[in-house]
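Here's a quick tour for anyone opening this structure for the first time. Have a look around, then come back for the highlights.

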Amino acid sequence: MHVLQMKRWLRLFLAMVLLITGAIPAGLFSSKAAAADEPSTVAQAIARSNDGLPGTVEGYVIGYFNNNSKNQLQTEAPFSGGSNFGLADTPGETDLSKIMSVQIPSDPSVRDIFGLNKNPELFGKKVRITNGTLSSYLSLPGLKYIDSTSTTFQLIDETPVTKVANVTANPASGAVPTGTKVALETTTVGATVYYKQNTDTDYLPYTVPITVNDATHIETYAVKEGIDNSDVTRFDYTIVDNSPISISDARKATENTTVTVQGIVTYSELSGSVFNLYIQDNDAGIVVRGNASGVEVGDRIEAYGPITIYNGLVQVEASKSGFQGGYIRTVEKSQDLPSPVSLNSSHFAPGTGGTKGSGGQYEGMLVEVNNIQVTKSSSSTYTATDDHGGEMLIYAKNSPSALSVGKSYHKVTGVLTYHSTYGLELIPRTASDILEDLLSVTASTPSGGIVKGTEVTLTSPYVGAQIFYTLDGSEPTVNSTEYTQPITINQDQIIKAVATADSRVSTIFSFEYTAVNRVDGVRIHEIQGAGHYSIYDGLNVQNVDGIVTSLVNADSFYMQSIPGQEDGDPATSEGILIYKKDHGMKVKDQVKVAGKVKEYAASATDLPTTEIVASEITLEQPNVELPQPVIIGKGGRVIPNVIDSDGLSEFNPDVDAIDFYESLEGMRVQLNDATILGPYSSSPGLAVTVDNEPNKPLKTPAGGLILRGDGAGEFESSLNPQRLFINKKPSQAVTTGDKFTGPINGVLSYSGSNYKVNLEGSLPAIVSSGLQQATTSIEPNQDKLTIATFNVENFSKKDATRGNKIGNIIVNNLKSPDIIGIMEVQDNDGATDSGNTDASESFKTLLDAIKSNNGPGYQYTDIAPLNNMDGGATGGNIRVGFLYNPDRVSLKAGTKGDAITALALDASGNLSLNPGRIQPDNVAFKTSRKPLAAEFEFNGERVVVIANHFNSKGGDLAPFGNVQPVTRSSEV
């Protein structure tokens with residue numbers, strides 16, 4: 001009876017907003033995408049009838065509307081102002097039905113260049129306005145400015161090119177550190193650059209960047225047949241003092257002080273689009289952040305850049321935006337790692353006033369903790385104790401399954417990091433950093449390939465332990481052969497061993513070796529093998545033949561087997577990466593390479609890339625024909641439907657896409673008529689897919705890919721294995737569903753946890769899909785409640801211009817819903833870490849923007865989070881909230897909750913708090929947004945709405961990483 005009564009007066013509406021921080025919401029995504037089409041003519045833009053959507057328009061400047069009146073068009077200089085101009089398809093147009101009015105912002109960087117009062121010569125010239133809003137302006141069809149990051153003005157030069165554009169230099173003239181490489185270029189396609197330095201009398205063709213080691217004067221010009229040479233341009237460089245200082249002294253420097261440090265890399269991880277390198281010298285450690293292609297653990301590097309602080313972590317930011325000349329250089333390869341510093345729980349305790357405590361001096365260093373007990377965990381973060389009675393945090397993001405709550409561990413090694421929210425944390429680099437028992441066996445040569453005749457030494461870290469082993473695959477015991485001398489490997493061999501001491505016997509340790517007959521004249525496919533790891537890893541090879549197919553940079557290139565030397569096995573790649581500083585090679589060079597084979601992984605969770613660190617490269621013949629590319633997709637090799645089905649336990653390229661791409665690593669490939677999946681991003685690149693008949697992915701109507709719940713078990717089967725990236729920005733803006741009209745050729749590479757095609761030449765032409773921003777088909781109705789969700793992407797009161805765009809979408813595209821679940825509203829000062837969490841002014845900015853777009857007078861409700869406890873940008877304090885139209889609904893009277901109190905339901909279904917947070921202390925919402933529930937009244941009925949903004953997927957391991965199935969820390 002009670003249930004029936006409840007049903008009569010309570011209708012519960014749950015608006016579950018399943019948003020991922022890393023994804024762009026439909027509203028803003030499409031707004032940008034709408035500008036992706038080829039520029040419209042003025043007539044085409046006028047025909048869109050001020051639809052309020054972004055557009056790109058080209059036309060001729062035909063005058064200035066004086067006094068902002070369409071009836072006062074000035075068509076002769078002097079012009080009265082610079083706040084607008086008229087735009088038409090033909091110069092001299094006066095018919096107002098064929099003219100648009102263009103708004104020019106007060107921003108001097110725009111108005112001083114495109115305002116007619118200061119630039120009368122602009123009259124009659126052709127211009128392009130990219131990504132403005134097509135909206136009525138001055139009572140005419142108009143194009144309005146959005147903001148400086150969205151709308152751009154460009155003068156279209158229609159005069160014939162009679163002279164080569166002047167040469168520019170990167171970096172430009174100024175003070176630079178020793179060893180800086182200066183790149184020269186001209187924007188004139190097909191032109192050749194010439195230069196000379198200092199007292200040189202003759203100009204030389206420019207082919208590679210110029211290395212500056214002392215004060216340098218460069219003169220340069222460019223030549224193209226049929227037009228005049230460019231002017232001679234000059235660049236002057238002086239040398240800054242970049243003498244290395246100790247890491248200890250660098251850590252004491254104030255923020256933004258420029259330093260140079262040297263140290264050995266103990267750990268490397270990809271963070272965003274650049275690397276975090278943990279380095280240390282004899283006394284201290286520090287994190288170096290920047291572009292570090294080719295840098296590996298064990299390398300001694302030199303880094304130059306400013307000291308920055310990220311959530312309390314001290315770092316040298318070599319790639320800091322706006323800083324000229326920052327670098328990371330390899331000084332020596334393959335050095336011995338420093339011994340880890342032994343810490344205990346007392347070192348992890350915060351100091352007075354929340355400082356880093358005694359352990360702070362070891363930040364950035366390789367450390368170890370001993371004899372610990374794991375007491376609890378939250379996703380991949382574990383809390384442990386030791387005999388000192390305190391607690392320590394172990395952030396096992398690279399090997400989350402290697403620790404277990406309730407177990408004891410003899411030793412955990414890793415790097416010491418810091419975050420202002422959590423304090424000091426130890427990051428194990430791999431699972432091998434976690435040692436449960438000291439009574440163990442290690443081998444001098446790890447499992448893998450080994451040259452016949454190599455000796456393997458067995459040891460145990462347990463003092464006084466005896467080792468017993470077998471060579472026939474049987475299980476060793478204390479009655480097996482006792483280890484007394486190195487074991488010589490002359491064939492494929494499995495060594496199984498145990499250690500014994502103090503009446504204890506260890507678990508069994510196995511070392512499996514594949515013996516190789518030769519290292520001289522070995523083929524690329526032999527080095528690559530059918531697997532993710534080469535059996536030649538760590539071995540020196542000589543006389544490896546190949547043809548240079550792609551230049552990565554001055555220090556790396558890809559080469560592929562000479563046609564006729566392939567083995568015909570699709571499971572073994574015929575391409576490989578070569579690393580040699582300043583190699584000087586060119587595409588189409590046939591070469592012989594000698595050097596050490598290495599499996600290079602940029603981070604602990606990346607798949608490795610097989611490379612040869614070359615000691616010698618011999619040019620055999622230049623300008624030979626390149627090997628033919630392998631077609632991926634229909635008509636060639638078809639991509640499998642699953643990423644991984646076996647936890648990387650088998651190598652089966654016909655079944656698993658992660659193995660499929662490995663079998664093509666470093667080879668030339670071809671993508672026919674690829675479809676674009678979204679806008680270009682500098683990292684990881686341009687996402688595309690191909691016709692992959694018969695394994696076609698499930699797509700959205702717009703052409704995007706859909707995650708499939710295909711019931712294939714725990715492995716990564718539905719994360720779009722058919723998606724690839726192109727490392728080239730298109731010359732035009734693109735959006736989902738756009739299509740290339742020809743083949744894309746390039747070399748298949750792996751970086752940033754994604755497979756990418758390193759493009760050869762230029763991208764083919766693109767056909768637009770015509771995708772436009774959607775408008776809801778739901779029409780407002782007096783008797784029907786409308787609810788929507790909107791991710792406003794780190795919105796604060798500073799974003800008034802963007803707020804106007806959001807307001808326009810809410811009013812015109814969403815048709816002013818009665819209730820809106822809002823995500824990612826920041827506090828009033830945005831990403832300034834002031835301790836403030838109030839967002840009232842940010843919400844007011846948004847509400848005002850809606851009203852200015854002729855929308856309703858919304859009200860809002862939210863609950864401010866605790867400072868820096870809900871994720872997002874540090875200091876931003878993003879939260880979920882609700883906008884609601886008081887003319888349609890009312891927020892039921894009640895007690896407003898706070899950041900830490902969970903709401904409850906009474907027997908009648910009433911919320912104890914309104915609005916209130918749902919289980920804010922639940923581990924699922926740690927450092928993430930807490931679900932917010934609010935009760936409204938509509939037409940006399942109760943409606944409960946819940947807004948969720950779940951944890952970012954950015955903390956999950958990558959789908960194409962070396963941990964399979966992938967650890968998804970965002971899911972609890």
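Start with the largest cavity: I863, R879, V880, R917, K930, P931 and L932 line it. Keep in mind that this is a predicted model.

**The cavity**
- That lining splits into four nonpolar residues, three charged ones and no polar ones.
- The space inside the largest cavity comes to about 30 Å³.
- Searching the whole structure turns up one cavity of 30 Å³ or more.

**The nonpolar cores**
- The largest nonpolar core is made of 31 residues, and Y661, L671, V688, I726 and F740 have the most contacts inside it.
- Helix 8 (657–662), strand 45 (668–672), strand 47 (686–689), strand 48 (724–726), strand 50 (743–751) and strand 51 (754–759) each give two or more residues to this core.
- Helix 8 provides the largest share, with four residues.
- L671 touches I632, V688, V690, L724, I726, G742, P743, I744 and V757, if you skip residues up to four places away in sequence.
- Another core lies apart from this one; it has 29 residues, including Y267, L343, A384 and I427.

**A look at N170**
- You'll find N170 in strand 8, which covers residues 168–170.
- N170 counts as exposed because its relative accessible area is 55%, and the cut-off for exposed is over 50%.
- Setting aside neighbours within four places in sequence, N170 is in contact with K181, V182 and A183.
- N170 and E185 sit 15 residues apart in sequence, with 8.5 Å between their C-alpha atoms.

Technical notes: Residues are numbered from 1 along each chain as its sequence is written. This is a predicted model: local features need pLDDT of at least 70, side-chain atom pairs count only at pLDDT 80 or more; totals for chains, interfaces and linings use all residues. Side-chain values use heavy atoms; hydrogens and water are left out. Buried means under 20% relative accessible area, exposed over 50%, partly exposed in between (1.4 Å probe, protein chains only). Contact means heavy atoms within 4.5 Å. A nonpolar core is a set of buried Ala, Val, Leu, Ile, Met, Phe, Trp, Tyr and Cys residues joined through side-chain atoms within 4.5 Å. On a 1 Å grid over the protein atoms alone, a cavity is a set of points where a 1.4 Å probe fits but cannot get out, and a pocket is an open set with protein on both sides within 12 Å along at least five of seven lines; lining residues have an atom within 4 Å of a point. Grid points are joined across faces, edges and corners, and a volume is the space filled by probe spheres set on the points. Ala, Val, Leu, Ile, Met, Phe, Trp, Tyr, Cys and Pro count as nonpolar, Asp, Glu, Lys and Arg as charged, and the others, Gly among them, as polar.
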